[in-house]
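Welcome to this guided tour. Open your viewer, get ready to select residues by number, and we will go from stop to stop together.

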Amino acid sequence: MTYLIILAVGLLLCAVGFWRYVYFFSVGYGFAVAGIGITLLILFHAVMTPVTWIACILFIVYGVRLGGYLMIREMKSAAYNKILKPENDRSKSIAPGVKIAIWVSCAILYFLQTSPFTFRLENTANLISEGAAMIAPDTAAAWIGLVLMIAGVLLEIAADMQKNVAKKRTHPALWIRDCTESSDVRTTWESFCSGPAYLSQAFHTCRGHFSGSSPF
């Protein structure tokens, strides 16, 4: 049930793409990640550790900053709106079935990007409910992953600032765009580096489900 709730949050927040399909990948992406971070804090507040607390806050900061930045840019930048106009016109001609497929695919992707922390928190909650005396401390891998996530957020902020400066020049530096895109990937996918062992919870969940003792 927990996983369905988190997936539903992702579906709800990236549904803005039905207005303009590019929002599935941009504004909807940012707000879905932020929404998942908030949802994890609400559902698992009793079993949070320092790493999971900070990671959820990072998801929120990253998502709100990204979604807000894109919305403000669209509202204030006439040049950007001019570039975006062909995509907005194309959005009107995309079949509803195609939009639904993109919507569901994106929501699943955003769920999977944050899944290591979901699996860890779910596993911790299950252990506590089964009588575990205490919450397991964060591992070294968890702290390493967290540091990498923080680096990803800071890199993206710096890259966006430099990109805005570079756009005012005649020949903007192309590497700045690469830094922005790579930090998008780094911020969320470093959650997998934070604890590969936590992903074993997905295996145990599936095994229990198919063996008849579903943990859902």
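Which residues does S26 touch, not counting residues up to four places away in sequence? Select S26 and you will find L66 and L70, where contact means heavy atoms within 4.5 Å.

A word on what you are looking at: this is a predicted model, in which local features need pLDDT of at least 70, side-chain atom pairs count only at pLDDT 80 or more, and totals for chains, interfaces and linings use all residues. Residues are numbered from 1 along each chain as its sequence is written, and side-chain values use heavy atoms, with hydrogens and water left out.

**The overall view**

Zoom out and colour by secondary structure. The protein has 9 helices and 0 strands; helices (H or I, at least four residues) and strands (E, at least two) are DSSP runs, numbered from the N terminus. Of the 216 residues in the protein, 43% are buried, that is, under 20% relative accessible area, while exposed is over 50% and partly exposed lies in between (1.4 Å probe, protein chains only). Among contacts with a separation of 6 or more, 77% join residues 24 or more positions apart.

**The loop between helix 1 and helix 2**

Go back to S26, in the loop between helix 1 (2-13) and helix 2 (27-43). S26 counts as buried because its relative accessibility is 18%.

Now select C14, in the loop between helix 1 and helix 2. At 0% relative accessibility, C14 counts as buried. Show its surroundings: C14 touches F24, G28, W103, A107 and Y110, leaving out residues up to four places away in sequence.

**Helix 3 meets helix 6**

Next, select residues 50-76 (helix 3) and 115-129 (helix 6). These helices pack at an angle of about 145°, with their axes 11 Å apart; axes are lines fitted to C-alpha atoms, for helices over the stretch in contact, and angles run from 0 to 180 degrees between N-to-C directions. Show side chains for V51, T52, A55 and F59 of helix 3 and for F117, R120 and L121 of helix 6, which make the contact. By class, this contact has 5 nonpolar, 1 polar and 1 charged residues. Here Ala, Val, Leu, Ile, Met, Phe, Trp, Tyr, Cys and Pro count as nonpolar, Asp, Glu, Lys and Arg as charged, and the others, Gly among them, as polar.

Follow the chain to I135, in the loop between helix 6 and helix 7 (140-166). Is I135 buried or partly exposed? It counts as partly exposed, because its relative accessibility is 25%. Leaving aside neighbours within four places in sequence, I135 is in contact with A46, V47, M48, T49, T124 and I128.

P137 is in the loop between helix 6 and helix 7. With 62% relative accessibility, P137 counts as exposed. Select T49 alongside P137: the two are 88 residues apart along the chain, with 7.3 Å between their C-alpha atoms.
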